[in-house]
Amino acid sequence: MLDRALGHAGLRVTRMMFGAAPIAGLFAPVSEQAAQDTLTAAWAEGIRAFDTAPHYGAGLSEQRLGAFLAGQPRAEYVVCTKVGRLLADGEELAEGAEGFYGAPRRRRVRDYSRDGVLASLEGSLARLGTDRADIVLIHDPDDHARQALDEAYPALAQLRSEGVIGAVGFGMTQAPLLEWFVSRADLDCILVAGRYSLLDTSAGETLLPACRERGVAVLAGGVFNSGVLVDPRPGRTFEYQPAPPPVLQRALRLKAVCAGYGLPLGAVALQFVLRHPAVTAAVIGARSPAEVAEDTGYLAARVPDELWARLAAEGLLP
């Protein structure tokens, strides 16, 4: 249940958060029924924290998540959404644009202004069917850092002070700029995707220590580096591209050591991330009940200290 404190906000989240990008057609279409079945399975497994964004399926993720959560007691779950992209109707994009299939073909328009942030959040709340968001993250402001800090963040901080939203943070796939924001804003949390894993611990160098020092909760996404840390084989993706041979070979070595202890690589990859004292929760996406069961099985796995020592001895721990 909601058992992990999140930053300064007084919120609590489950150790695993449901990442709702896949149910919006990330990489392949997902039917409405499959999306609802997946969310039902996540709820049955005790997951009560959900991460979404307008970007995911051009609003489809929020719509599907909102339809499911409408049947659940509001006090029993935490929902996180994001700002920084407005959705525009009009000229249709090609199927698969931005990596999503079977979704509305709306254009995403970057906007980190105060007005843009407020309009984005208003649209998100409408799609989610709720009057408040528990966590709001400023999404991927890589080329808009100054505006995100000077306009987007103050707008959200004001809403937080008014009780309209619960927690404020940033969500990105890079560590340096996240650390820059952490040092300059009063944040409750960050979401860092792919930069703390068995294959990439760059966020662990200075970002995670800075978050721990300032009491900023870390939500870790991309813990499987888009698939290679679940089932490493030729053609498997790393950072959404075919895994380069050195990466694949390392993942295969990791898998072989884990298999010697009767553990799937995915379980060890997840547990590695959650071992860090700065990490509050892992955000794990799923597109089917079977994937939910697999992921929660990873969460429940017990990894012996002997395995960590073996990985370190073989130079497989970053």
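## Ground rules

Buried means under 20% relative accessible area, exposed means over 50%, and partly exposed is in between (1.4 Å probe, protein chains only). This is a predicted model, where local features need pLDDT of at least 70 and side-chain atom pairs count only at pLDDT 80 or more, while totals for chains, interfaces and linings use all residues. Residues are numbered from 1 along each chain as its sequence is written, and side-chain values use heavy atoms, with hydrogens and water left out.

## Aromatic pairs

With the burial cut-offs in hand, take F224 and Y298: both are buried. Their rings make an edge-to-face pair, 5.9 Å centre to centre with 75° between the planes. Rings of Phe, Tyr and Trp (its six-membered ring) pair if their centres lie within 6.5 Å; planes under 30 degrees apart are stacked, over 60 edge-to-face, and the rest tilted.

In total, the structure holds 11 aromatic pairs. Another one is F27 with Y240, which counts as tilted because the planes sit at 40°, with the centres 5.6 Å apart. Here F27 is partly exposed at 48% relative accessibility, and Y240 is exposed at 51%. There's also an aromatic cluster made of F18, W43, F50, F68 and Y77.
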